[in-house]
Amino acid sequence: MFLPILFGFLLGVGLCLTFGTVFFALIQNSVDNGFRSGMKIVFGVIVGDILFVTAALLGTAFIPKVQGFENIMAAVGVIFLVAMGLVNILKGTPRLAYPKTRFGNFVYYFTTGFFLNALNPVNFVAWVAIVAYIRSHLHYTDAQQYGFMIAALVGVFATESALAYYANRLKRLFTPRVVLIFNRVTGVVFLIGAVNIAYTRLLEPLQKALNW
């Protein structure tokens, strides 16, 4: 049981270091607004991952079948990422109207992390592929599967918490010019993510349906 837990934890750490949209959003918000704002994003991300892992382990049979649901989610994800990308590129250092109340502040950052994670269909596919691999190739028992995936979630949470902490600790290195460049790079990453989702989840299925 030790090895599945160890491998699961290392997998969770690795998934956080892929330099995707969540990574850049977490670093940016931790630098701009402090460690606590970064942790609120982490909570949003981990809740999304918990839902994905639960669905992957239990199967998706219990999820209602809605025609075109995946395409709708993909379209919403594209719009969300494009909006965030343009804000970062055009404004350089975005200063949105953050809610002043403690609850409103938590909801803002939590939902940012949750939607950045949940609206990217690739994340769910990745968790499903991981579960399929440990079942069919590694032949893990049910207990080992649950241990592996829980350890992976712990790895994700621990790594993203560390990223938020050290990003804020290194805040003094982020001069206005560095922040401007970093935010624009973040914006480009968001737009690339949007293009990738639009192509793989919307354009390709449409072309196949039309026999182009």
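Leaving aside its neighbours within four places in sequence, which residues is Asn-117 in contact with?

## Asn-117 and its partners

The structure here is a predicted model. In it, Asn-117 is in contact with Val-22, Val-45, Gly-48, Asp-49, Phe-52 and Asn-123, once its neighbours within four places in sequence are set aside. Asn-117 sits in helix α5, which covers residues 102–118.

Is Asn-117 buried or exposed? Its relative accessible area is 4%. Buried means under 20%, so Asn-117 counts as buried.

## The chain as a whole

The chain has 8 helices and 0 strands. Read from the N terminus, the order of elements is α-α-α-α-α-α-α-α. Of the 212 residues, 39% are buried.

Take the contacts with a separation of 6 or more: residues 24 or more positions apart account for 85% of them.

Helix α1 runs over residues 2–16 and has 15 residues. From its first C-alpha to its last it reaches 22 Å. That is close to the 21 Å expected at 1.5 Å a residue.

Which residues of α1 are buried? They are Pro-4, Gly-8, Gly-12 and Cys-16. Seen down the helix axis, these buried residues fall within an arc of 105 degrees, so they line one face of α1. Their cover includes α2 and α7.

## Helix α2, mostly covered

Helix α2 has 13 residues. It reaches 18 Å between its first and last C-alpha, close to the 18 Å expected at 1.5 Å a residue. Of its 13 residues, 12 are buried. Among them are Thr-21, Phe-23, Gln-28, Asn-29 and Asp-32. Val-22, one of the contacts of Asn-117, is buried too. After α2 comes Gly-34, with a positive phi near 100 degrees.

The largest nonpolar core has 24 residues. Leu-26, Ile-27, Leu-81, Leu-116 and Phe-190 touch the most other members. Helices α2, α3, α4, α5, α7 and α8 each supply at least two residues of this core. Which helix gives the largest share? It is α2, with 7 residues.

Not counting residues up to four places away in sequence, Leu-26 touches Gly-38, Ile-41, Val-42, Glu-160, Leu-163 and Ala-164. Another core, of 17 residues, lies apart from the largest one. Its members include Val-53, Ile-134, Met-149 and Leu-153.

## Phe-148 in α7

Phe-148 lies in helix α7. Its relative accessible area is 6%, so Phe-148 is buried. Setting aside neighbours within four places in sequence, Phe-148 is in contact with Pro-4, Phe-7, Gly-8, Leu-11, Ile-130, Ile-134 and Tyr-140. Two of these names, Pro-4 and Gly-8, are also on the list of buried residues of α1.

How far apart are the C-alpha atoms of Phe-148 and Ile-5? They are separated by 4.8 Å, although the two residues are 143 residues apart along the chain.

## What the record lists

An unreviewed UniProt entry lists "transmembrane region" for residues 6–27, 39–63, 69–90, 106–134, 146–166 and 178–199. In the model, one of these spans, residues 146–166, is 100% helix and 0% strand. The end C-alpha atoms of residues 146–166 lie 30 Å apart.

Definitions and conventions: Residues numbered from 1 in each chain as written. Predicted model: local features only at pLDDT ≥ 70, side-chain atom pairs only at ≥ 80, totals over all residues. Heavy atoms only, no water. Helix = DSSP H or I, 4+ residues; strand = E, 2+ residues; numbered from the N terminus. Buried < 20%, exposed > 50% of the residue type's maximum accessible area, 1.4 Å probe, protein only. Contact = heavy atoms within 4.5 Å. Core = buried A, V, L, I, M, F, W, Y, C linked by side-chain atoms within 4.5 Å. Expected span 1.5 Å × (residues − 1). Arc of directions from axis to C-beta. UniProt positions renumbered as here; feature names shortened; annotations may be inferred.
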